Amino acid sequence: MVLQHCADYVLFHDNLVDAGTDGPCDPCICLAVSASTAGGHPPQTGVEIVGNTFVNCKYAILFGDSDTTAGDVGNVKILNNTAAKLRSGEFIQVKTDIVSGTVRNNLWDGTGSTATALDCVGGAHDITGLVADHNGWFGSSSQQSSCAMDCTGDICDGTDTKGQDPGFVNWSGNDFRLQSGSLAIDKGVPVGRAYNGAAPDLGAYETGGTPPPDTDPPGSVINLRRMDRRS
Amino acid sequence: MNASVRTRRPTPMTAPVAERVARGGSRPTDWSRLAAALTLSVLAAGVAAYGAEYYVDNSCPTAGDGTTTTCGAQGPFRSIAAALSNPKLAAGDVIRIRATGTDYVEGTVDTSKAGAAGQAITVTRYAGDSARPVWRRTSGVTMLVVDEPHYTFDSISFVATAESADIVHVRASNVTFRNCDFKEGGYAINISDAGDNLTVDACTFDGNGNNQKHSITTGRLGVTAGYTLTGLAITNSRFMNGDQDYIQTFEDSGKCRQDTVTGRIEGNTFTYGPGQEENAIDIKNTALETDHLKIDRNEIRGW
């Protein structure tokens, strides 16, 4: 749905990408980064994917493409995103090397999936430079990462909400704000975005503070422009 | 120029003294300032005045010189082309097009005069009209070529029923489209590397069933590899019923990091067009560490 072929310093912030359930869903990738075309691409740098909501896609984020010669990615920031109802399950699918970057404060809903949150296709891609911690994931019966990463625990830190319902306001109605008392509240680490409480929440929707919580009725379309967006 | 018959907008008190005096506005109380102002006003008389309004009305039986709204010799132009080629047109002027219910069907229209910083030439509907004038092209030609800087198009419906040609080519800087509709067409807005600071705000792009290719694209108007386009702002607009990528920043070299596009794509809504073959946004260019391309707070649905 969104492709970034060789786009250094493209900032993808606070968007809602929802593939819906009626379309062809082909290829149905919410955000493809360094998607390759013939000839491959050089390393891509400075990409920020922050505060987005990804819904109903096959994958939320794809690095590389079917062409495994796609170039390396470096200095990537994947922060405070919420991914839910993904058809193939993976939050991030990796088909290229990622030489540096951070994956933090994301919230991944793998309900009904056997997929991994972070999947290195074929296991041939080196992402050892990717620092991943303070992410939350739940609902999947499979492992959190198939990648060769230098981390332990749940992608990759023990301060997450593994296996537990994070307490979305209305999962079936695509309202992925957090209920009060959610286990994802204050479980992140500061990454430069405004937050309330002792620490940032996981996912795209910070609870509390001003402006007041969104007043859309349950089950309505989430309107990101009326949410608390203070990045 | 017969300035006395031209409708002028009120001169703001913040305007330069010479301008205010030249327009009969408030005068300085100090005689020395007045003398200086009068001197400047004489000098100002030697350059084109700005802020005039011209009118276009295709319901008039004959074409006038565009200076009044009453049909006749000094009445409206009958075509948009005539208004934009008016030799008296100057920076800061406004062209108002009456929504008559009859489309303005024209061939390729070029801009002829440049606006200036803070004094764009504005093309918009009649004051008080609720409907937007419909600008429709004859088949197979580009509808509008903006090759002079500082233009604003406000509340215009651009309609093209054939996919073979584009609606607008932007070949100059500081061009704005606001509250406009773009229906069908090849590429609705095709931007050359001279189109820095293009703003598209609160517009609607409707392919009407895959009959619009890219709604907005760069890098296709004869640019050379390594082009740079800065200040692109696509905001608060709606995209629907498309065929290819709604927004594509393009480079055709097959290499990366040759072309640069910076700016923001912000607050838009993209809806999948049934049968649409491509994406909402396709970025093929690089941005810069000090000047990003920010894709922010959009809603992208379908696919």
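In chain A, 73% of the contacts between residues at least 6 apart in sequence join residues at least 24 apart. Keep in mind that this is a predicted model. Chain A has 19 strands and zero helices, and 55% of its 231 residues are buried.

Let's look inside. The largest nonpolar core holds 123 residues. Those with the most contacts inside this core are A:Cys30, A:Leu31, A:Ala60, A:Ile61 and B:Phe158. If we set aside its neighbours within four places in sequence, B:Phe158 touches several residues of chain B, including B:Trp135, B:Met143, B:Ile167 and B:Phe182.

Now for the strands. Here are two pairings to find in the structure:

| Strand | Partner | Sense | Bridges | A bridge pair |
|---|---|---|---|---|
| β18(A), residues 168-170 | β19(A), residues 175-178 | antiparallel | two | A:Asn170 and A:Asp175 |
| β1(A), residues 2-4 | β22(B), residues 281-283 | parallel | three | A:Gln4 and B:Ile283 |

The hairpin of β18(A) and β19(A) has four residues between its strands. In this hairpin, A:Asn174 takes a positive phi near 60°.

Finally, how do the two chains meet? 30 residues of chain A are in contact with 28 residues of chain B. On the side of chain A that touches chain B, β1, β2 (10-13) and β3 (16-18) of chain A each supply at least two residues. Of the strands, β2(A) gives the most, with four residues. The residues on this side of chain A divide into 16 nonpolar, nine polar and five charged.

Definitions and conventions: Residues are numbered from 1 along each chain as its sequence is written. Chains are lettered from A and ligands numbered from 1 in the order in which they are written. This is a predicted model: local features need pLDDT of at least 70, side-chain atom pairs count only at pLDDT 80 or more; totals for chains, interfaces and linings use all residues. A residue is buried if 20 or more other C-beta atoms lie within 10 Å of its own, exposed if 12 or fewer, and partly exposed in between; C-beta atoms are placed from the backbone. Two residues are in contact if their C-beta atoms, placed from the backbone, lie within 7 Å. A nonpolar core is a set of buried Ala, Val, Leu, Ile, Met, Phe, Trp, Tyr and Cys residues joined through C-beta atoms within 7 Å. Two strands pair if DSSP finds at least two bridges between them. Ala, Val, Leu, Ile, Met, Phe, Trp, Tyr, Cys and Pro count as nonpolar, Asp, Glu, Lys and Arg as charged, and the others, Gly among them, as polar.
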